[in-house]
Amino acid sequence: MANEHAKAQLADLIEMVKDGMTAMARAQEERARLTATAHAAGRRVTITVNADCIVIKTEFSDDVDDLTYAEIANAVTSATQDAAAQVQQKAAQIMTNLEQEQAQIPTLSEFFPEMPDVKAMLPTPPKVSTAPPDASKRRMDYTPDDGPRYTNVEEYEHDPQARQRSSISAPEW
């Protein structure tokens, strides 16, 4: 009888995981269709971005030439940042809805007490700066020792005798 209960629990878990995967796919598709449009400089500059915050349309009004080049550049930057913020907010709402759905699914640790909660182990990405490249706000507190360091990834065994022992360097090759 206990075995039947465990089988039923496992079947329920599998169904919940399938539903969760379907919900994730739906959220990804919904996010991929997102766009946002913003205006600047008295609606003389209009920028539209896609879900990845990539500019997909730039429009200037007929009277954009009333602005200086610097004003146009600032307006493009401002409208792009505004549109990107809008699309990120829309994407965040999609993710919030998905997370609320996913919260209904029991964690693996509820079924297997020794199993760590994977979600709790995932790092949160840092916020990306919108400051210009040379701005002091753009510098991050990152030191090279914070992550893996790779030197010569092409390095191989330099011991000639070790290469001779290798079947890859055998004369029949």
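Modeller: Helix 1 covers residues 2-32, 31 residues in total. Its first and last C-alpha atoms lie 45 Å apart, close to the 45 Å expected at 1.5 Å a residue (1.5 Å times one less than the number of residues). Helices (H or I, at least four residues) and strands (E, at least two) are DSSP runs, numbered from the N terminus. This is a predicted model: local features need pLDDT of at least 70, side-chain atom pairs count only at pLDDT 80 or more, and totals for chains, interfaces and linings use all residues. Residues are numbered from 1 along each chain as its sequence is written, and side-chain values use heavy atoms, with hydrogens and water left out.

In helix 1, the buried residues are Leu13, Gly20, Ala23 and Ala27. Buried means under 20% relative accessible area, exposed over 50%, partly exposed in between (1.4 Å probe, protein chains only).

Now the core. The largest nonpolar core holds 20 residues (buried Ala, Val, Leu, Ile, Met, Phe, Trp, Tyr and Cys joined through side-chain atoms within 4.5 Å). Helix 1, strand 1 (35-40), strand 2 (45-50) and helix 2 (69-102) each supply at least two of its residues. Helix 2 gives the most, eight. Val49 is among the core residues with the most contacts inside it. Beyond four places in sequence, Val49 is in contact (heavy atoms within 4.5 Å) with residues including Leu34, Ile54, Ile56, Ala83 and Val87.

Two loop residues remain. Ala41, between strand 1 and strand 2, has phi near 55°. Ala41 is partly exposed, at 26%. Cys53, between strand 2 and strand 3 (55-60), has a positive phi of about 65°.
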